[in-house]
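The sequence and structure are shown first.

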Amino acid sequence: MTIGAAAGLKLGKACRDAFGTALKDLGDEFPNLVTVDGDVGNSTRTEVFAKAFPSRGFNVGIAESNMVGVAGGLAAAGKIPVVSSFAVFLLANAYDQIRMSVAYPGMNVKLVGSHAGISIGEDGASQMGIEDVALACSMPGIVVVVPADATSTRLATRAMLEHVGPVYLRCGRIEVPDIYTADSEFKIGKANTVRDGKDVTIIANGLMVGISLDAAAALAAQGVNARVIDMHTIKPIDEAAIIKAATETGRIVVAEEHLMAGGLGSVVAGVVARTKPVPMEFVNLGDRYAESGDPHGLLQKYGLTAEAVVAAVEKVRSR
Amino acid sequence: MADATKLSLNELKDAAKAIRRLIIQITTEAGSGHPSSSLSAVEVVTALYFGGYLRHNKANPRDPKRDRFILSKGHAVPVLYAALCQAGYYSFEQIMTLRKLGSPFEGHPNMKRLDTMEASTGSLGQGLSLGVGHALACRLDGLDAHTYVMMGDGEMGEGQVWEAIATAEKYKLSNLTAIVDQNGYQQTGATKDVLDLKPFASKFDAFGWHTQVIEGNSMEAVLEGLAKARAVTDRPTAIVSQTKKGFGILPILEPTGDLNYHGKPLSKELAEKALAHLA
């Protein structure tokens, strides 16, 4: 089943494609924008920018640590470097460089991780960023954004460049359904309610937003009105939206393509526990690595489906 | 942007002595820190700040046209605080707060709290990459600013350094100079015993850099080396600065039986002897 089909959504572009195009389109408006790549620019799509602005695109080879350090230096000298790689290589390989050369000094570096989650498919677990959000959130001062579709990725790319300070933007590899339109609002730290409902709230980000809308459509057929919130910014988290959801719907399910530890679920649970404790359930990868396979088969096998979200809603409503 | 300060040779030697005294005073007052790692680097840092190399701007330390000095071996930051005090950026009283709660003169450079610090360092191996970034940005902006990065010889064990070395050559960054303060020791012993990387010069050379090996505790040799590096216009330059850890007060350290003297301040008693020796 195509993601978003049950919710009546049409399949659009992948987030990484939207990111690469947006970067190129913003190149003139942001003359200090430069890209630093670890030789995967054709995968992360920064090559779209680098081809249009060749003097502003730097490929430093398969050397992520140095790649992030070079970006730190460029930022210290006034540039807005966008440094990108596969999410796991960027966050896991160059973690200390992000910490020392970006986060601690508060450098205006934009970190973009493509190929996030298990939906990258056949390349297998070594290439899958499933802990990147936790790693990014663990560094003080970094904004962490996980957009749900091509349009919000485009808007997030602009918001990221306008924001002064370090940002981590997570992009997926596969095509996802279009949820937003060009005139939609996207503000860092402000969640979007993409479907209203009063019986339960599903808080999701990334590709799980489309999947959650599918789940909400199935739930509606059973007479359950689910609110779906696109929590595209994990840090800073939109506490008001969470408190409102807890207060008005009394039940929360969090769905993400990430490990349980340190992801959106952990962050939302922290807010709920502190402000308005209500029953919660979680749809995520738990505590395991995935494997090679086709993206949709993997999502099925590892429980990142509309059925899994529906089951979590049923469970949380039974408590 | 003012011209770089350019003192005479004798004045430079006096400045080096004054900086050494400050290093000892502030680390002994702090009761911790890395005086010996700072002392080996004094001639190079003095020559950069006072020998006509670093153009800087007291009114705007982050002036885009400035030359940059990145101290990648961040634990040696007392040499930098001392040089900046000598240059009139900070008072003696200010840098005497080294490592104390509330002081911006932290144990390792923190660029968020001091606008004279070009980088926040302390996790070794990262400074040269930052230098590559500065050099690329200056070139993009058409600035003739030069970036110097000082690393330790032990630090060269970090793989990231070699990634940066290759990248600097790829972009032919003639506005970048790497200085290895080869003082021969690291935390637990002699660098040749801990992880012997063998000669550095031939490695830089193999990566396509202009390379020099100099006697790094000789002011004359340092000035000559820096002049040669600046004359190179087609590729990045490396200076392997062969120094002695604790240089300047070695006769004071020798009786302690510890010529590495890593990561510990001099006792008040030893500091007095050292200051008298440097008088």
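**The interface between the chains**

In this predicted model, 25 residues of chain B are in contact with 26 residues of chain A. About 2100 Å² is buried between chain B and chain A, and carbon and sulfur atoms account for 59% of that area. On the side of chain B, the residues that lose the most area to chain A are B:Q126, B:L140 and B:E163, which together give 23% of what that side buries.

Between chain B and chain A there is 1 salt bridge. This salt bridge joins B:D141 to A:K79, with 2.5 Å between the closest N and O atoms. Polar contacts across the interface of chain B and chain A amount to 12 residue pairs, with both residues at pLDDT 80 or more. Helices α6 (127-140) and α7 (159-170) of chain B each contribute at least two residues to the side of chain B that touches chain A. The largest share of that side, 8 residues, is supplied by α6(B). By class, the residues of the side of chain B that touches chain A comprise 8 nonpolar, 11 polar and 6 charged.

**Two helices of chain B**

Helix α6(B) has 14 residues, which at 1.5 Å a residue should span 20 Å; its end C-alpha atoms are 20 Å apart, in agreement with that value. Of these 14 residues, 12 are buried, so α6(B) is largely enclosed by the rest of the structure. Among the buried residues of α6(B) are B:L128, B:L130, B:V132, B:H134, B:L136 and B:C138. B:G142, which follows α6(B), has a positive phi, near 70°.

Buried in α7(B) are B:Q160, B:V161, B:W162, B:A164, B:I165, B:T167 and B:A168. What do the buried residues of α7(B) pack against? In chain A the partners are α4 (64-76) and α6 (95-103), and in chain B they are α6, β2 (147-152), β3 (176-182) and α9 (201-206). After α7(B) comes B:K172, whose phi is also positive, near 50°.

**Salt bridges within the chains**

Over all chains, the structure holds 30 salt bridges.

| Pair | N to O distance |
|---|---|
| A:R227 and A:D196 | 3.1 Å |
| B:R113 and B:E106 | 3.0 Å |
| B:D258 and B:K264 | 2.8 Å |

The salt bridge of A:R227 with A:D196 links strand β11 (residues 226-230) of chain A, where A:R227 lies, to the loop between β9 (192-195) and β10 (200-204) of chain A, where A:D196 lies; the pair therefore ties together parts that are 31 residues apart in sequence. Are these two residues buried or exposed? A:R227 has a relative accessibility of 6% and counts as buried, whereas A:D196 is exposed, with a relative accessible area of 57%. Both residues belong to a network of salt bridges that links A:D196, A:R227, A:K244 and A:E248.

In chain B, the members of the pair B:R113 and B:E106 are partly exposed: B:R113 has a relative accessibility of 39%, and B:E106 has one of 24%. B:K264, the partner of B:D258, is partly exposed at 32% relative accessibility.

**Two buried helix residues**

B:S37 is placed in helix α2 (residues 35-39) of chain B. Its relative accessibility is 1%, and B:S37 therefore counts as buried. Beyond its neighbours within four places in sequence, B:S37 is in contact with B:K73, B:H75, B:A76, B:D181, B:N183, B:K245 and B:H262.

In chain A, A:L161 is placed in helix α8 (residues 150-162). With 3% relative accessibility, A:L161 counts as buried. Leaving aside neighbours within four places in sequence, A:L161 is in contact with A:L26, A:F30, A:L33, A:I80, A:V82 and A:K110. The C-alpha atom of A:L161 is separated by 9.1 Å from that of A:V109, although the two residues are 52 residues apart along the chain.

Technical notes: Residues are numbered from 1 along each chain as its sequence is written. Chains are lettered from A and ligands numbered from 1 in the order in which they are written. This is a predicted model: local features need pLDDT of at least 70, side-chain atom pairs count only at pLDDT 80 or more; totals for chains, interfaces and linings use all residues. Side-chain values use heavy atoms; hydrogens and water are left out. Contact means heavy atoms within 4.5 Å. Buried area is the accessible area (1.4 Å probe) that two parts lose on being put together, summed over both. A salt bridge is a side-chain nitrogen of Lys or Arg within 4 Å of a carboxyl oxygen of Asp or Glu. A polar contact is a pair of N or O atoms within 3.5 Å; within protein, one must be able to donate a hydrogen and the other to accept it, and residues adjacent in sequence count only if both atoms are side-chain atoms. Helices (H or I, at least four residues) and strands (E, at least two) are DSSP runs, numbered from the N terminus. Ala, Val, Leu, Ile, Met, Phe, Trp, Tyr, Cys and Pro count as nonpolar, Asp, Glu, Lys and Arg as charged, and the others, Gly among them, as polar. Buried means under 20% relative accessible area, exposed over 50%, partly exposed in between (1.4 Å probe, protein chains only). The expected span of a helix is 1.5 Å times one less than its number of residues.
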